[in-house]
Each structure stands twice: as structure tokens, then as C-alpha cells.
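Dear colleague,

I am passing the structure on to you below, together with its sequence.

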Amino acid sequence: MTPARPTGGETTVAVSVDRGRCCGSGSCVLAAPEVFDQDDTDGLVLLRDPAPRAALRDRLQRAADLCPADAIRLD
């Protein structure tokens, strides 16, 4: 699935994940399912959209704060 790209110069947030640190808790998926998913094979985080719209920033920050492995970065 290819994530939708913002149009018209909409501000985005750069998101990155470290699958090597991920422990598969799934808290990120609950906080921002538009951006995060879990791999059906190993349960680790999948980044659906590395540049989501800035309107999701609070939910993205919550996902990063809730991550027990500190595997999510926002820039």
C-alpha cells in the first residue's frame, strides 16, 4: 500500500522507525494507525507514511512517547 502524499505544499512531519529496537507492543498503531502498522510475520512496526501531514503531529508524538523501545523518531 502506497501512502497518500500531501499536496499543495502542506506541511509534513518526518517520521522514522528503528525496527531493530521495536519490541512489537503495537502502541504506535493504536495512537496513529494512518502512519504505523505491524508486520504480520514478526509483529514489528511498519512505517506506512514517512511524511504524514503536520495535523497528525500530536498523535505521532503520543506514539513516540508510548513506545517502550524508543523506536520512533520525529523530525
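Which side chain does arginine 19 meet in a salt bridge? The partner is aspartate 42, with 2.9 Å from N to O, and please keep in mind throughout that this is a predicted model.

Salt bridges

The bridge between arginine 19 and aspartate 42 joins two loops, since arginine 19 sits in the one between strand S1 (15–17) and H1, while aspartate 42 sits in the one between strand S2 (36–38) and strand S3 (45–47), so the pair ties together parts that are 23 residues apart in sequence. Both partners are partly exposed, arginine 19 with a relative accessible area of 31% and aspartate 42 with one of 40%.

In total the structure has four salt bridges. Another of them pairs the side chain of arginine 59 with that of glutamate 34, again with 2.9 Å from N to O. This pair also links distant parts of the chain, for arginine 59 belongs to helix H2 and glutamate 34 to the loop between H1 and S2, 25 residues apart. Arginine 59, at 34% relative accessibility, is partly exposed, and glutamate 34, with a relative accessible area of 33%, is partly exposed as well.

A further salt bridge brings together the side chains of aspartate 70 and arginine 73, at 3.1 Å from N to O. Arginine 73 counts as partly exposed at 41% relative accessibility.

In soluble globular proteins, nonpolar side chains tend to be buried together. Here the largest nonpolar core has 20 residues, and those with the most contacts inside it are Val15, Cys28, Phe36, Leu60 and Ile72. Helix H1 (27–31), helix H2 (57–66) and strand S4 (72–74) each contribute at least two residues to this core.

Isoleucine 72 gives a view of how this region is put together: once its neighbours within four places in sequence are set aside, isoleucine 72 is in contact with Val15, Ser16, Val17, Cys28, Phe36, Ala63, Ala64 and Cys67.

Cysteines

How many disulfides does the structure hold? The count is zero. Cysteine 23 is in no disulfide, and the nearest cysteine sulfur to its own, that of cysteine 22, is 5.9 Å away. For cysteine 67, the closest cysteine sulfur is that of cysteine 23, and the 6.2 Å between them is too far for a bond, because a disulfide needs the two sulfur atoms within 2.5 Å.

Are cysteine 23 and cysteine 67 buried or exposed? Cysteine 23 counts as exposed, at 51% relative accessibility, whereas cysteine 67 is buried, with a relative accessible area of 16%.

Serine 27

Serine 27 is found in helix H1 and counts as buried, at 17% relative accessibility, because the cut-off for buried is under 20%. Although serine 27 and leucine 66 are 39 residues apart in sequence, their C-alpha atoms are 6.4 Å apart in space. Apart from neighbours within four places in sequence, serine 27 is in contact with Leu66, Cys67 and Pro68. The side chain of serine 27 also makes a polar contact, at 3.3 Å, with the side chain of serine 25.

With best regards

Key:
Residues numbered from 1 in each chain as written. Predicted model: local features only at pLDDT ≥ 70, side-chain atom pairs only at ≥ 80, totals over all residues. Heavy atoms only, no water. Buried < 20%, exposed > 50% of the residue type's maximum accessible area, 1.4 Å probe, protein only. Core = buried A, V, L, I, M, F, W, Y, C linked by side-chain atoms within 4.5 Å. Helix = DSSP H or I, 4+ residues; strand = E, 2+ residues; numbered from the N terminus. Contact = heavy atoms within 4.5 Å. Polar contact = N/O pair within 3.5 Å; in protein donor to acceptor, adjacent residues only side chain to side chain.
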